[in-house]
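Student: I would like to learn how to read a model like this one. Could we go through it feature by feature?

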Amino acid sequence: SKARGGIAGAAVDSGRIVVFGGEESAGTIKEVELYDVSARRWSALPDMRTPRHGLGGIAYRGRVYAIEGGTQPGFFFSNALEALQVP
């Protein structure tokens with residue numbers, strides 16, 4: 001998994017958690033990762049179209065949504081909303 005701050009996450013079901021976005025010294029992060037609790041393993045998912053930090057996340061009916069967040073480090077905001085692909 002990738003070290004980051006200002007991330008969002010959502011439990012897709014009882015055994016899988018999706019973590020996405022955040023920021024690091026190089027800027028905002030587009031990577032999306034899935035943690036499989038039973039396998040104790042991280043795997044990469046398709047990147048977000050809009051890299052950002054300080055965003056919200058929710059899982060609803062098997063989909064994960066990335067909500068708003070800043071597109072640049074610091075005190076920035078966006079109204080971006082994305083449905084993330086989760087197998």
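Predicted model: local features only at pLDDT ≥ 70, side-chain atom pairs only at ≥ 80, totals over all residues.

Student: Is Val86 buried or exposed?

Tutor: Take the scale before the case. Buried means under 20% relative accessible area, exposed over 50%, and partly exposed in between, with a 1.4 Å probe and protein chains only. Val86 has a relative accessible area of 18%, so Val86 is buried.

Student: Which residues does Val86 touch, leaving out those up to four places away in sequence?

Tutor: Contact means heavy atoms within 4.5 Å. Val86 touches Val12, Arg16, Val18, Leu45 and Val64. Sequence distance is another matter. Val86 and Ile7 are 79 residues apart along the chain, and their C-alpha atoms are separated by 17 Å.

Student: Arg16 is on that list. Where is Arg16 found?

Tutor: Arg16 is in strand E2. From Arg16 to Val86 there are 70 residues in sequence, against 9.9 Å in space, C-alpha to C-alpha. Beyond four places in sequence, the contacts of Arg16 are Ala10, Ala11, Leu34, Tyr35, Val37, Val86 and Pro87.

Student: How many helices and strands does the protein have?

Tutor: Check how elements are assigned. Helices (H or I, at least four residues) and strands (E, at least two) are DSSP runs, numbered from the N terminus. The protein has 0 helices and 9 strands. Its pattern along the sequence is β-β-β-β-β-β-β-β-β. The radius of gyration is 12 Å, close to the 12 Å that the globule rule gives for 87 residues, so the protein is as compact as a globular protein of that length. That radius is taken over C-alpha atoms, and the rule is 2.2 Å times the number of residues to the power 0.38.

Student: What does the C-alpha trace span along its principal axes?

Tutor: About 35 × 25 × 15 Å. Of the 87 residues, 33% count as buried. Among contacts between residues at least 6 apart in sequence, 36% join residues at least 24 apart.

Student: Which residues have the most contacts inside the largest nonpolar core?

Tutor: Such a core is a set of buried Ala, Val, Leu, Ile, Met, Phe, Trp, Tyr and Cys residues joined through side-chain atoms within 4.5 Å. Here the largest one has 14 residues, and those with the most contacts inside it are Val18, Phe20, Val32, Met48, Val64 and Leu84. Strands E1 (8-13), E2 (16-20), E5 (32-36) and E8 (63-67) each supply at least two residues of this core. The largest share, 3 residues, comes from E1.

Student: E8 also holds Ile67. Which residues is Ile67 in contact with, beyond four places in sequence?

Tutor: Arg52, Leu55, Gly56, Ile58, Ala80 and Leu81. Ile67 has a relative accessible area of 33%, so Ile67 is partly exposed. Ser14 lies 53 residues from Ile67 in sequence and 22 Å from Ile67 in space, C-alpha to C-alpha.

Student: How should I read the backbone phi angles?

Tutor: Most residues other than glycine have a negative phi. Arg40 has a positive phi of about 55° although it is not a glycine. Arg61 also has a positive phi, of about 50°, and is not a glycine.

Student: Where do Arg40 and Arg61 lie?

Tutor: Arg40 is in the loop between E5 and strand E6 (41-45). Its relative accessibility is 70%, so Arg40 counts as exposed. Arg61 lies in the loop between strand E7 (56-60) and E8. With a relative accessible area of 75%, Arg61 is exposed.

Student: Where is Ser25 found?

Tutor: In the loop between strand E3 (23-24) and strand E4 (27-28). Ser25 is exposed because its relative accessible area is 86%. Ser25 and Pro73 are 48 residues apart in sequence, yet 8.6 Å apart in space, C-alpha to C-alpha.

Conventions: Residues numbered from 1 in each chain as written. Heavy atoms only, no water.
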